[in-house]
Amino acid sequence: MLFIFVFNLLFSIILFVSQPKENEANRWMIAFAMSAGIGALSESLVSDIIPTLQKMEVIFLLPFLFQVHIYFQFLGEVISPYAILMYSIVYSKIVKVEIKKKLSYILTIPMVFMVFVTDFYPDIAINFRVLLVWAAPYFLIASYIMFYTFRSEINMYQKQSKFRVFIVLVPAWLGVFLFNYVFRAINPHTELFRLVPTFFFIAYMLFVAYIFLHGAFGIKVKIEQQHILDKSMQIMSGGTAILNHTIKNEVSKIKFFFNIAKDSIEKKDFNEAKNSIESVFSAIEGIDNMVDRIRSKTEEIVLKETSVQLEELIRDCIDKIQPICNSKGIEIKTQLKADVTLHCDNVLLAEAINNILNNAMEAIIVPKGQILVQLFKIKNGISIEVSDNGIGIPKQEMKRIMEPFFSTKKQIKNHGLGLSFCYKAIRAHDGEIFVHSEKDKGTSVIIQFPKSRINPTKLNA
């Protein structure tokens, strides 16, 4: 039992030191690890530590340590199910902040009730049958939430990470549930709970293996060179390069609309001139909004989330690029088959879609260019697909298209930041981005967001 205490203490210290203090899920994981640890320490006190001190005739510590055993066992038994359930709720993000806060209070009620059905003198006697009545749903619901969380994840990187967390945690706490709660409810004098360290030992070995090989709980030990994409992402300065890229795209639009305005004024077509100038102001506003979203001295993209009607946002992006496409003879078709409201940063998402549309437009050199924009529901969320019949991307360059500063375009003003920005922006929204391309046939860029990002309430509701 002392092993469980040492392991959980070490595990808690690693999480506390390595993770940001605002990581609420890991705070609940630390609460579970410490509650299981002090419960194990309680058993170790009466089975190993106190008998050893008696043999050594260190009598003065025994009354104090026995009292510690009583209260540690109580805390370990009642806090563990609560901490596990709260961890799964926070980690999965299945409920809103307000509901989560209420649940954190409501779920403590059975813990308080246990105070009144537990004998603390002369030794602790926990009523495991009463404990099992509420602990069983806590353990089982938490296990289902963790399973559902990794199974429903559409981002393959996050799905792998969530699977590793599931494998480390759920078998360990189900072992605790079975041998420490179920069997002790059947027979309070059973010694089967002493098998619990086996589950923690397996969890410990998996945890160590995963943080070395892949990473788990946000921890990764670097023992080999990281994948070129993850490594190159660190090159990006804190939004400055992205902002430059945004300005470059918007300046191209400003030049285009100012030329139209100039020609319209010469032709005395003031309505067309007015519309072009309004488009210029829209492009300037886009730059201004991006400045608000990017920190000038960090690598972090800051989300300002709100509920956005996704079809409307896509149509706004298309409207901005439509005049330029018309001038180049490019037809934009839409198949927007999903009426959904997305919880997202509308400025960042619009900028990502604008980048993809710009890339599609610039890739088209055939006389009858076409861009198809689709929006449709998928099994685990929502998908946006932008396809073009442009020049496509050579196979040897496909592996590098997400790298910052890499561009398939040879012009000096193409900085190669468009898709790398899209990658970061979509990942910041828990989404995934895929690119399929064939040289001389065209390219499709697919963005997918999980169900957790879809707001069931429409904006006009």
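Predicted model: local features only at pLDDT ≥ 70, side-chain atom pairs only at ≥ 80, totals over all residues.
Residues are numbered from 1 along each chain as its sequence is written, and side-chain values use heavy atoms, with hydrogens and water left out.

The protein chain holds 14 helices and 8 strands; these elements are DSSP runs numbered from the N terminus, with H or I over at least four residues for helices and E over at least two for strands. Of the 461 residues in the chain, 50% are buried, where buried means under 20% relative accessible area, exposed means over 50% and partly exposed lies in between (1.4 Å probe, protein chains only). Among contacts with a separation of 6 or more, 71% involve residues 24 or more positions apart, a contact being heavy atoms within 4.5 Å.

Five strands form an open sheet in the order β2-β4-β5-β7-β6, and the pairing is mixed; two strands pair if DSSP finds at least two bridges between them. Strands β2 and β6 (432-438) stand at the edges with a single partner strand each, so one side of each has no neighbour in the sheet. On average, neighbouring strands of this sheet are turned by 10 degrees against each other, direction ignored. (Axes are lines fitted to C-alpha atoms, for helices over the stretch in contact, and angles run from 0 to 180 degrees between N-to-C directions.)

Within this sheet, β2 (residues 330-336) and β4 (residues 369-378) pair in the parallel sense over 7 bridges. Here I330 stands opposite G369 in β4, and I332 stands opposite I371. The pairing of β4 with β5 (residues 381-388) is antiparallel and extends over 8 bridges; in β5, V386 is the bridge partner of V373. These two strands form a hairpin with 2 residues between them.

Helix α12 lies across β2, β4 and β5, running at about 170 degrees to β2. Helix α13 packs on the sheet as well, touching β2, β4, β5, β6 and β7 (442-450), and its direction makes about 25 degrees with that of β5.

A further open sheet has 3 strands in the order β1-β3-β8, with antiparallel pairing. Its edges are β1 (306-309) and β8 (454-455), each with a single partner strand, so one side of each is left without a neighbour in the sheet. Strand β3 (residues 341-344) is joined to β8 by 2 bridges, and L342 stands opposite I454 in β8.

Of its 18 residues, 15 are buried, so α13 is largely enclosed by the rest of the structure. At its start, a side-chain oxygen of D345 comes to within 3.1 Å of the backbone nitrogen of V347.

Finally, two single residues deserve a look. Residue A36 lies in helix α2 (residues 24-55) and counts as buried at 14% relative accessibility. Although A36 and G76 are 40 residues apart in sequence, their C-alpha atoms are 5.3 Å apart in space. Residue N180 belongs to helix α7 (residues 156-186) and counts as buried at 10% relative accessibility. Its side chain makes a polar contact with the side chain of R184 at 2.8 Å. A polar contact is a pair of N or O atoms within 3.5 Å; within protein, one must be able to donate a hydrogen and the other to accept it, and residues adjacent in sequence count only if both atoms are side-chain atoms.
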